[in-house]
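Please examine the sequence and the three-dimensional model shown here. A briefing by topic follows.

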Amino acid sequence: MLFYIGSDIHGSLPYAKRFIEKALEDKADRIILLGDLYYNGARNDPPEGYAPKEVVKLLNSVSDRILAVKGNCESEVDQMVSDFLIGESLSLFAFGKAMTCVHGHHFSFDNLPKNPGDVFFQGHSHISRLEKKGELILANPGSLSLPKDGRRSYMTMDEKGIALRDLLDGNLVSSLVF
């Protein structure tokens with residue numbers, strides 16, 4: 001099984017499209033989205049190719065693969081136009097690991113829930129991070145459209161572990177083995 005994990009699309013059609021195309025090309029079984037799908041919020045300028053209605057159509061075209069959590073820019077309308085559930089958080093068990101997925105504006109690396117499991121995924125900061133802290137893996141795919149660390153990035157996860165990849169060239173940035 002292969003998971004693709006992305007965050008903070010903020011309505012950018014070109015980068016959402018590139019991410020989804022890569023996921024389909026690699027035959028990803030599931031696509032995990034860590035929030036801020038359609039809108040950019042008052043703090044950010046609109047990203048390149050800002051087209052939230054088109055991003056809705058794109059994501060709905062692969063709705064059977066999407067698992068999504070709500071970000072701080074999501075609204076009730078976003079759930080109404082989405083053909084997939086956008087939950088407050090997501091708990092998964094895969095590859096022998098318990099995983100928690102959140103956006104990062106409530107629970108985060110600095111404010112972990114009581115039982116984050118073996119892997120804790122968050123978005124929100126727009127800064128990619130993949131590291132082990134004790135027995136806990138902390139994973140943030142960064143932002144697909146508005147990176148604050150200079151790299152549009154996403155993650156993949158399979159039975160071997162988690163990989164952080166550059167969206168533009170697909171190159172491996174870092175990885176952790178389970």
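The points below cover the sheet, a helix, the cysteines, the aromatic rings and one histidine.

This is a predicted model, in which local features need pLDDT of at least 70 and side-chain atom pairs count only at pLDDT 80 or more, whereas totals for chains, interfaces and linings use all residues. Residues are numbered from 1 along each chain as its sequence is written, and side-chain values use heavy atoms, with hydrogens and water left out.

**Sheet and helix**

- Helices (H or I, at least four residues) and strands (E, at least two) are DSSP runs, numbered from the N terminus.
- Seven strands form an open sheet with mixed pairing, in the order E4-E3-E2-E1-E10-E11-E12; two strands pair if DSSP finds at least two bridges between them.
- Strand E4 (86-87) and strand E12 (172-177) are the edges of this sheet; each has a single partner strand, so one side of each is left without a neighbour in the sheet.
- Strand E10 (residues 153-158) and strand E11 (residues 161-166) run antiparallel and are joined by six bridges. Met157 has Ile162 in E11 as its bridge partner.
- Helix H2 (residues 52-60) has buried residues, including Val55, Val56, Leu58 and Leu59. Buried means under 20% relative accessible area and exposed over 50%, with partly exposed in between (1.4 Å probe, protein chains only).
- The buried residues of H2 pack against H1, strand E2 (30-33), strand E3 (66-69) and helix H3 (76-81).

**Cysteines**

- The structure holds zero disulfides, a disulfide being a pair of cysteine sulfur atoms within 2.5 Å.
- For Cys73, the closest cysteine sulfur is that of Cys101, and because it is 19 Å away, it is too far for a bond.
- Cys73 is buried at 17% relative accessibility, and Cys101 is buried with a relative accessible area of 0%.

**Aromatic rings**

- Seven aromatic pairs are found in the whole structure. Rings of Phe, Tyr and Trp (its six-membered ring) pair if their centres lie within 6.5 Å; planes under 30 degrees apart count as stacked, over 60 as edge-to-face and the rest as tilted.
- One of the seven pairs is Tyr38 with Tyr39, whose ring centres are 6.4 Å apart with planes at 75°, so the pair is edge-to-face. Tyr38 is buried, with a relative accessible area of 0%, whereas Tyr39 is partly exposed at 32%.
- Phe109 and Phe120 also form an edge-to-face pair, at 6.0 Å centre to centre and 65° between the planes. Phe109 lies in the loop between strand E6 (97-101) and strand E7 (119-121), and Phe120 in strand E7, so the pair ties together parts that are eleven residues apart in sequence. Both Phe109 and Phe120 are buried.
- Phe3, Phe95 and Phe178 are linked into a cluster by ring pairs.
- Arg152 has its charged end over the ring of Tyr15, 4.0 Å from the ring centre. A charge sits over a ring if NZ of Lys or CZ of Arg is within 6 Å of the ring centre and within 35 degrees of the ring normal.

**His10**

- His10 lies in the loop between strand E1 (3-6) and helix H1 (13-25) and counts as buried at 1% relative accessibility.
- The side chains of His10 and Asp8 make a polar contact (3.3 Å). A polar contact is a pair of N or O atoms within 3.5 Å; within protein, one must be able to donate a hydrogen and the other to accept it, and residues adjacent in sequence count only if both atoms are side-chain atoms.
- A polar atom of the His10 side chain lies 2.6 Å from the backbone oxygen of Tyr39.
- Not counting residues up to four places away in sequence, His10 touches residues including Tyr38, Tyr39, Cys73 and His126, where contact means heavy atoms within 4.5 Å.
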